[in-house]
2 protein chains.
Amino acid sequence: MTTNRRKPAGRPATLPDVAREAGVSRSTASRALAGYGSVSPDARERVRAAAEKLGYRANQLARSMITGRTHTLGAIVADIQNPFFAGVTRGITDAARAAGYQVLLANTDEDVAAERAAVKMLRDKHVDGLIVAPAATTETGHLAAAHAAGCPVVLLDRQAPGLPADSVTVDNHGAAQDAVRRLLVAGHRRIALVSLLGTAPVGTPADTPGTAPSTALEAAPADPASPDPASPDPVSTGLERIEGYRAALREAGLTDTDTYLRTGTFHREDPADLTAELLSLSEPPTAVFATDSMIALGVLSAARDHGLRVPEHLSVVTFDDTDWARAVRPRISVVAQPVQELGARAVHSLITRIEGTAGTPEHIVLDTEFIERESIASPPDAS
Amino acid sequence: MTTNRRKPAGRPATLPDVAREAGVSRSTASRALAGYGSVSPDARERVRAAAEKLGYRANQLARSMITGRTHTLGAIVADIQNPFFAGVTRGITDAARAAGYQVLLANTDEDVAAERAAVKMLRDKHVDGLIVAPAATTETGHLAAAHAAGCPVVLLDRQAPGLPADSVTVDNHGAAQDAVRRLLVAGHRRIALVSLLGTAPVGTPADTPGTAPSTALEAAPADPASPDPASPDPVSTGLERIEGYRAALREAGLTDTDTYLRTGTFHREDPADLTAELLSLSEPPTAVFATDSMIALGVLSAARDHGLRVPEHLSVVTFDDTDWARAVRPRISVVAQPVQELGARAVHSLITRIEGTAGTPEHIVLDTEFIERESIASPPDAS
DNA sequence: CGCATCATTGAGAACGTTCTCAATCCAAGC
DNA sequence: GCTTGGATTGAGAACGTTCTCAATGATGCG
């Protein structure tokens, strides 16, 4: 007669199988494999051999039920097809894997409802923590709830004033200001900024929709360094870059900072259209600052359609050093962000928070690097 | 006196909490919420109300332990930073979410060992299925094992002859042949192909490493339509594109198909260097076919460094319609792959396999589209 | 009225781990 | 010899669900 409850050939081996094979109890087998408690060298070796013989792999689901840890992180980004987020995601997955974590990925397409749904799904799956590039600055209740319930949140690329969470960003204000300064130094005075912001046009709450396809932002508050916390929903990153742009212009004595400022809405406006409108002005800009690489593509496209050559007729600078920026002709001068490091640092912050104690939120600000290439020249009318 | 085992305020509500609140048993509460078995309308409503009142969310880990389903898919791709895979990943996550699944993401960097490790980790987490762009054609034992153990595998973008798994690809041979034909029609006779293949140089097994930084492939086997199944490890996709290229050249009466064929190794060779070498030949090619967008960037970069203008001096065609291809000057003619659909179809195949029965592997081949733009002209010496 | 059928319900097992705790054993110290 | 203490071990609970099964009550039919 055989022992009853023998392992059927097909089924993957479980801990009782290993214990039986090694002639010890479940408890000892578990201790030997997980490496806690105390186990005699002899038992440890027998368990190890049995586990190897049976090809035993611990069921992480069962383990997670007990330990409360899944070793899984949730990453919620706007759009992996944007090279910036692709790089960030790459940094996240690599750093996570190195630390023994896996990554559950979700896209929001800049939509808060999708973000909320993603948080819900990920928390149902009991991720140990969340890395989020929030779609909105103010609507962060779902993030605060997760954080309060013991599912740490780290903000990536974007800030959310009310949320007591760690964040990893770059100095958007300073980087934008620096980039625009370089255009000013080259002699430009009519410098445009093209950006895509939140999911609704920016302006005062009671603003009537403008007739133009794009709306200029309201004048900045008195203190230019602090973006208005009561402003509507666009993400902090875009706002900070705009403030940096304004600051640089003001610094150069240009008081009318919003003449060439064009912001559109994700999925509604096309950066190429915004640029086309700018280039059709009676006094068109001689330089354009794009707030990310996908917008830069629109700017480039519109410039070409207007028969303008870069940089002879139009200088161009953009955030994000994508692969094409250094391969096209002319090579584009950029504000390079440390994309992979941004993701990696977010992972490290998150894991520290998961494994450590609560504490006051930490805000990591990484350096950007301005890479001078061939897309900036003196303005055409400067001669 | 209170009932013992009351829910402490902090802890999230569990099924027993809901059952107690609704005055029914765990079993009935579970049935009411999961919607199986039979429950009286009255009980169903009381449970629903109790669940809502307590903010109950089922613990998916516990559920998965019983059902054996995690509603999680594993996606293993080479590199999310490659726009092709970024698009595919986007398609995967979107389709998965729509079908009620989440996606666990892993990068391999074209490394089989990393792929093997990823499969192990993902299976430990009990993903319901795997979508894989395999790093190698032959070393697929880990994939076969997963498949055999009831974790279905769907191959994406690449084939693996020995593996009885579904696959979703495009007609690489036909698409490459078509692209090269268009260069031939424009009058080109010296057409180069630049590609990056596996993790080792391609050639006969006993081949000695060439002195040149790149190695030309051995002559094709007698039957040009079927890539040599005994060839070493480069992925099928690249091989098929090369065969399509050769077929087009042969069709045009060019017997020496490998003169301008340059293949490098991931992480070892730079496409720009391969191109530079080609352009330095005494009879340089007048057109280059790049097998993906990142290679095209290298080609463009090398062309610029050689002072060549596209398309006047050099025509360029590439696989993958990335955003920059339609924004740069000149706009690049491309073989567009349905990237998002590739991902979505892989998800659908996988879910069908997960929820349905086993069966003979299905091979889905999607259409590519050649998009004619401005990067093809007649060869400079044709006048 | 007796019996079969059906809907509804709850008790308890099951999933595969980790954790708590008490029991056992052995050597050392008094 | 007896006690102390540490190392080692196994029994059993726990995690939060779903599933199996038997029990109950109501209904319909002959």
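In this predicted model, a polar backbone atom of A:Ser25 lies 3.0 Å from a phosphate oxygen of DNA strand D. Such a polar contact is a pair of N or O atoms within 3.5 Å; within protein, one must be able to donate a hydrogen and the other to accept it, and residues adjacent in sequence count only if both atoms are side-chain atoms. A:Ser40 also uses a polar backbone atom, 2.9 Å from a phosphate oxygen of DNA strand D. A:Arg31 reaches a base instead: an N or O atom of its side chain is 2.8 Å from a base nitrogen of DNA strand D. Residues are numbered from 1 along each chain as its sequence is written, and chains are lettered from A and ligands numbered from 1 in the order in which they are written. Local features need pLDDT of at least 70, side-chain atom pairs count only at pLDDT 80 or more, totals for chains, interfaces and linings use all residues, and side-chain values use heavy atoms, with hydrogens and water left out.

Around DNA strand D there are 25 residues, of which A:Thr28, A:Arg31, B:Leu15, B:Ser30 and B:Arg63 come nearest. Here a residue is near a strand or molecule if one of its heavy atoms lies within 4 Å of it. Sugar or phosphate holds 57% of the atoms of DNA strand D within 4 Å of the protein, and bases hold the rest. Helices α2 and α4 of chain A and α2 and α4 of chain B each supply at least two residues of this surface. The most come from α2(A), with four residues. Helices (H or I, at least four residues) and strands (E, at least two) are DSSP runs, numbered from the N terminus.

DNA strand C is surrounded by 26 residues, and the closest are A:Leu15, A:Ser30, A:Arg63, B:Thr28 and B:Arg31. Of the atoms of DNA strand C that come within 4 Å of the protein, 57% belong to sugar and phosphate. A polar backbone atom of B:Ser25 is 3.0 Å from a phosphate oxygen of DNA strand C. B:Arg26 places a polar side-chain atom 3.0 Å from a base nitrogen of DNA strand C.

Helix α1 of chain A spans residues 15–22, and its buried residues are A:Leu15, A:Asp17, A:Val18, A:Ala19 and A:Ala22. Buried means under 20% relative accessible area, exposed over 50%, partly exposed in between (1.4 Å probe, protein chains only). The buried residues of α1(A) pack against α2 (26–34) and α3 (41–54) of chain A. A:Gly23 follows α1(A) and has a positive phi, near 70°.

Elsewhere in chain A, strand β5 (residues 166–170) contains A:Asp166. A:Asp166 is buried, with a relative accessible area of 4%. Its side chain makes a polar contact of 2.6 Å with the side chain of A:Arg353. Beyond neighbours within four places in sequence, A:Asp166 is in contact (heavy atoms within 4.5 Å) with residues including A:Val153, A:Leu155, A:Ser349 and A:Pro361.
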